[in-house]
Amino acid sequence: HQKFPEVVSSIDGVMHLVWVRELGSNKNVMYSKSFNDGETFSEPIQINQNNNSIVAFIQAGPKIKVRGNELLIIYMDHRSGLTSIYMNRSLNNGISWSEDMLISDQSYLQAYPDMEVDPDGTVHLIYYSYNQNNSFNSVRYSSTESGGIDFMPSTSVGITNESQEPCDCCQPDLEISDNGDIYLAYRNNINDIRDTY
């Protein structure tokens with residue numbers, strides 16, 4: 001099974017495709033590229049180096065972004081026994097990829113990541129964090145220095161309290177405007193009514 005595809009185009013016109021390949025209970029993140037507008041694609045390669053520990057479900061597959069000459073891919077992985085967010089990057093147009101980098105920083109389960117790159121090369125990350133009993137804890141935000149790959153300690157964005165909780169079955173969407181404003185769209189559960197905010 002090939003699931004949850006996402007595609008981006010780099011400034012040179014190359015299409016970069018990422019998805020999850022599922023063989024039985026084994027899941028891995030795959031990558032391929034096309035130099036001819038999607039008519040043909042390169043032989044797929046596996047991105048994650050820790051085999052068969054990928055977590056992926058509806059709306060929460062891997063994400064791929066372009067930053068200058070770099071490609072960045074994030075995904076969920078449970079190699080530690082708890083789902084966390086990892087990233088790999090390529091500095092040579094997808095020919096080779098870095099080691100798996102843990103980029104989330106909470107103690108328990110973390111899921112539903114999204115990532116964007118702003119005009120100055122800062123990478124912005126959002127994800128949901130859960131408590132030890134898998135109850136919802138917070139929506140976490142982190143970012144890198146401009147052009148860097150080391151993420152700052154995450155902070156809560158402050159949209160979870162006794163009366164509201166983002167729906168933990170729906171992927172949030174992070175967007176960055178041309179002037180650097182950060183927007184987060186998510187499905188919120190207020191008084192058992194779930195709407196988009």
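## Terms and model

Two strands pair if DSSP finds at least two bridges between them. Strands themselves are DSSP runs (E, at least two residues), and helices are runs of H or I with at least four residues; both are numbered from the N terminus.

This is a predicted model: local features need pLDDT of at least 70, side-chain atom pairs count only at pLDDT 80 or more, and totals for chains, interfaces and linings use all residues. Residues are numbered from 1 along each chain as its sequence is written, and side-chain values use heavy atoms, with hydrogens and water left out.

## Overall build

The protein has 18 strands and 0 helices. Its radius of gyration is 17 Å, close to the 16 Å that the globule rule gives for 197 residues, so the protein is as compact as a globular protein of that length. The radius is taken over C-alpha atoms, and the rule is 2.2 Å times the number of residues to the power 0.38. The C-alpha trace spans about 50 × 45 × 30 Å along its principal axes.

Of the 197 residues, 47% count as buried. Buried means under 20% relative accessible area, exposed over 50%, and partly exposed in between (1.4 Å probe, protein chains only). Among contacts with a separation of 6 or more, 42% come from residues 24 or more positions apart. A contact means heavy atoms within 4.5 Å.

## Surface and charge

The accessible surface comes to about 9,900 Å². Carbon and sulfur atoms hold 47% of that surface. Areas come from the Shrake-Rupley method with a 1.4 Å probe; for residues, only the protein chains shown count as cover.

The protein carries 12 positive and 26 negative charges, and their mean positions are 7 Å apart. Lys and Arg count as positive, Asp and Glu as negative; His and the chain ends are not counted. Each charge is placed at NZ of Lys, CZ of Arg, CG of Asp or CD of Glu.

Strand β2 (residues 15-23) runs antiparallel to β1, and 6 bridges join them. Ser9 has Met15 in β2 as its bridge partner.

Another open sheet of 4 strands is ordered β10-β11-β12-β13, again with antiparallel pairing. Here β10 (110-117) and β13 (155-156) are the edge strands, each pairing on one side only. β12 (residues 136-143) pairs with β13 in the antiparallel sense over 2 bridges. Arg140 has Ser156 in β13 as its bridge partner.

## The β15-β16 hairpin

Strand β15 (residues 173-176) is joined to β16 (residues 182-185) by 4 bridges, and the two run antiparallel. Asp173 stands opposite Ala185 in β16. The hairpin has 5 residues between its strands, and Gly180 takes a positive phi near 90°.

In a regular strand the side chains alternate between the two faces of the sheet. Along β15, Leu174 and Ile176 point to one face and are buried.

Asn52 is not a glycine, yet has a positive phi of about 60°. Asn52 sits in the loop between β4 and β5 (54-55). Asn52 is partly exposed, with a relative accessible area of 33%.

Tyr112, also not a glycine, has a positive phi of about 55°. Tyr112 lies in strand β10. Tyr112 is buried, with a relative accessible area of 6%.
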